[in-house]
Amino acid sequence: ITQTVQYLHFSTNNTIGVPVDLWLPATQKLKPETSQQANLQIQKLHKKADLSIDIYYKQMNNLIDYAEGIEYLGISNFWENKFVQGKGTTYGLDVMLEKKFGKFKGWLGYSWSVNNRQFDSINGGNVFPFKYDRRNNISAVITTKIKKNVGFYASWVYGSGSAITLPVGRYPNASNEPFNDIYIYGKRNANRLRDYHRLDMGIKSTKIKKHFTRVWNISVYNIYNRQNPFYITPGSDEDGNRSFIQVSLLPFIPSVSYR
């Protein structure tokens, strides 16, 4: 069982638009965060394979979030008034299996986790998932030797979509400019982005010379060009109708390096 105190607060916007994460200091008005965490770990170690299972539960207090209706951008001398404090819980299960023998080595990991928040003045005081509540996460890595000095590796990662708050209605602004409407939001973080996943592969060649070691590395990031979501923004579809547009980063990227 572990108890901690943190004098930095983490805050992030929950709505559509570019994600903005901030680290803010504790003040007289915004008390330091505290947490209590309990862990139970079970390990089975063997010369051929290792298995690890970790169960955890964490209670957090004095967390911060933007008050309802507050714009997270802009300059204010009273920035503390933009935030309210509440509590949160996170709990889950981590499983890791590592294979250490044979031509192909690697490991497989799976995590199931829940990350909730509760603020008296947000979401009607009801519990809601935190932005980075991602229930299922999988990671797999495989390595093998092609030749004595040449190795191949591949890794695949998967994560459930992050929680996000999408508008449930709108009305025109005073200037009547298109796509500058005033949005009406529903329950906090009641929606989800698309799931995240990608596959990376590479070949690494290492050779020991008389006075140095040289390494060639050829790799491909996101080999099947998955368009993973970065954020959602208002826009229009091919027919000109209003819709939400997904913005993605880092597509298929090949690279070559010499060291």
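Helices (H or I, at least four residues) and strands (E, at least two) are DSSP runs, numbered from the N terminus. What you have here is a predicted model, where local features need pLDDT of at least 70, side-chain atom pairs count only at pLDDT 80 or more, and totals for chains, interfaces and linings use all residues. Residues are numbered from 1 along each chain as its sequence is written, and side-chain values use heavy atoms, with hydrogens and water left out.

**How the strands pair**

- Two strands pair if DSSP finds at least two bridges between them.
- Strand 4 (residues 33-45) runs antiparallel to strand 1 (residues 2-6), with 5 bridges.
- One spot to look at in that pairing is Thr4, whose bridge partner in strand 4 is Ser35.
- Strand 4 also pairs with strand 5, again in the antiparallel sense, over 12 bridges.
- There, Gln36 has Gln59 of strand 5 as its bridge partner.
- A hairpin of 3 residues takes the chain from strand 4 to strand 5.

**Around Tyr56**

- Tyr56 counts as buried, at 16% relative accessibility (buried means under 20% relative accessible area, exposed over 50%, partly exposed in between, with a 1.4 Å probe and protein chains only).
- Leaving out residues up to four places away in sequence, Tyr56 touches a set of residues including Gln37, Asn39, Tyr91, Gly92 and Trp112 (contact means heavy atoms within 4.5 Å).
- Tyr56 and Gly92 sit 36 residues apart along the chain, yet their C-alpha atoms are separated by 5.7 Å.

**The nonpolar core and Phe128**

- A nonpolar core is a set of buried Ala, Val, Leu, Ile, Met, Phe, Trp, Tyr and Cys residues joined through side-chain atoms within 4.5 Å.
- The largest one has 7 residues: Met60, Leu63, Ala67, Val84, Phe119, Ile122 and Phe128.
- Beyond four places in sequence, Phe128 touches Phe119 and Ile122, among others, and also Arg188.

**Two buried loop residues**

- Arg188 belongs to the loop between strand 13 (182-185) and strand 14 (191-192).
- With 10% relative accessibility, Arg188 counts as buried.
- Asn13 is in the loop between strand 2 (8-12) and strand 3 (21-25), and is buried at 3% relative accessible area.
- The Asn13 side chain reaches the backbone nitrogen of Val20 at 2.6 Å.

Definitions and conventions:
A polar contact is a pair of N or O atoms within 3.5 Å; within protein, one must be able to donate a hydrogen and the other to accept it, and residues adjacent in sequence count only if both atoms are side-chain atoms.
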